[in-house]
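Welcome! Could you walk me through the charged contacts in this protein?

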Amino acid sequence: MAFLVQIHSTVIILFLILPLTSLAFYNSKYLHKFSPFPHSFSADVASKRTSYRLYKNLIGDDGRIYVCSDKNFFSFESNGSIAWTVHLNYTCNSNIAPIHGGSKKIYLVAENRVLKIYPLRIGTSEAAVELFFGPTQFTEKPEDIIGISASISSSCVLINVKNRGLFAYRLHGQLLWSAGPVLYQHGFRQGCRKNITGCYFTSSPVIDHCEASIFMCNTVGELYSLSVRGPYFKWIQDLSLFGNKFIVTPGNNGRLYVTVPGTGVILALDVSTGNILWRGDIGPLSSADYEPVVDSNGWISFGSLDGFFYSFSPTGDLKRFPRSASLNSVIQVSPLLDCSGYGVYISQTEMEGKVFQTAAEYVRVSALKPKSIVFTLLVPSSGSIYLSESDPGKILYKLSQSDLQHFVIDERTLLAFFVVSRKRSPLPCRTTRQKLASSCSQVNPKTLSIYSGNERTIVLFLLIESVILVLVAALVQRCCVFWKKKKLQSQNLGKFLEKRRSLRSQKKAYDRMIYDIEEKAASDEAVANEVLEKLSDLVKEREDIKRKLSTSYSLGRDDYGGKTRSSKSALPLYDEKTRSYSIKGSKNESVTVFHTVSDSSSNTSSTSEDDEYEEESDGEKSKGKAHVENSSDDEEGIRESGSRSLRRRTVSFTN
């Protein structure tokens, strides 16, 4: 059944908020210390017979409590004494708490203005209060400011103005961007799909510091996700089936929690897509602006008027405290985190009586006056209770002797002072950065799947695709080699291949002929001059074929610079005047022949020279060296002009 706490201006439905005139219900013996008509509290404020109420507060990292009262802003120590105060000239908004702005700056809303407070300037000649955002920004009468928030990592302050939209300012006051609930992109309208008339943002902007996203609701029940860096909608989720009033709480762990205060429904959404992950149900809440807390483990916690404390894990698991029902107890104020980020402080009030009344879809909770209060510190993820204070008389007495005696405080403010007054916390304190890093580490990176279906089929398809790509790459490379040749630019490919095959056949034939002649010369000591001349011509022809195959008719892989079968014998070396042959046979014999070319027109006599050539066989190194040299000088006079004469022949055999 849906739960709703209905508050009417003339009929008191809920007697749960502590009387603003006293704190007598906590402990009667301290009644006189909290006068309903407190005296002046500062030299800057005139003494008046009136009550000063403390509005929503902010607990600073320095252990102080920052809170507004009428047109004054206070900083309280943990013992209730005033650290400093500053006059604002504007009345504070009692429904919007101050926020941290980084670099020890505080932002607050007062009379549709956003004021910037510099605590370090208190007591100096510099102005401690500046107008950050106000009527000067508008050409018309300013609308109400619904809420503000600040992103220290993005260095911006977000301000939601009723009927105007969301404004993002840098910390020094420069406008970054603004966005309304309707955005036209690529000819399509986004936002306010059901009713564009009278559609505006209705919630305070909340920031997920891990995702750098802003979340807000509009009047028709749509939830927006915007980028901190610009006026772009990441996604819009229609939650109108659950109502149009929501409490949005960032988890900073990949989750976004949306609470429907009228029905007691809690929704967990994926911050990246806006999809609903799970749904839970809780008891009735004390007000429509009830604020749950999310600890560093990602658990979101609520206190309900049914007396139970509800905690949900990031996956939707529910834990209730206490396990046994307490018929007359209520939890009416929002819980607070301890300095470690893991523990949660709750305030549970024991009433003299409590009645549930059901009318249609509403459940009204009525209660008699309170009897006692219990402060509890627990860790929702483990269920461990570290502290349970059922008699707060000591702290009440301490506060009654401080500057708080001049103010009317409620249970929310009392819980805040109880939290900061705990000097020795059972859990080690951590900085805001450490808490944020711990919660952000719970975000699981999402991997997008490109293919869906049978895994084996996908793997086989990728394998076949890879093989085809390799074959195509090889074919393209081969074609590039072909068409790089200048011959191919004017000749047919078939003619090119035919010519190449012909040259390769000729080369093989020359290789065979040269090999046969070398074998014959190696076995016969008397090498004829005609045979040597023929060998020289064959070598020259083969070299010419090699050159063609490695240049004009090459496929890019021809390499004839290496050793071949015929390279075992040293081939003829030739220049203009000399020609020599070095032939090595299969029996480890070598024959070296020298020819000297002379162009003589008269009778010439040859000069004798004794040249010795020694060649060592690798197989005979261990046996020593044996050299047999046979030298003979055969001179034949050839008297014809321009003829070639064989001057000397030296044959060296090595066995």
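Here are some questions and answers on salt bridges.

This is a predicted model, where local features need pLDDT of at least 70, side-chain atom pairs count only at pLDDT 80 or more, and totals for chains, interfaces and linings use all residues. Residues are numbered from 1 along each chain as its sequence is written, and side-chain values use heavy atoms, with hydrogens and water left out.

Q: How many salt bridges does the structure hold?
A: A salt bridge is a side-chain nitrogen of Lys or Arg within 4 Å of a carboxyl oxygen of Asp or Glu. By that rule, the number of salt bridges in the structure is 16.

Q: Which residue forms a salt bridge with R542?
A: The closest N and O atoms of this pair are 2.8 Å apart. The partner of R542 is D511.

Q: Why does the pair of R542 and D511 tie together parts that are apart in sequence?
A: Helices are DSSP runs of H or I, at least four residues, numbered from the N terminus. R542 lies in helix α7 (residues 529–550) and D511 in helix α6 (residues 493–523), so the parts that they tie together are apart in sequence by 31 residues.

Q: In which helix do D544 and R547 both lie?
A: Their side chains meet in a salt bridge of 2.5 Å, N to O. The two are three residues apart, about one turn of the helix, and that helix is α7.
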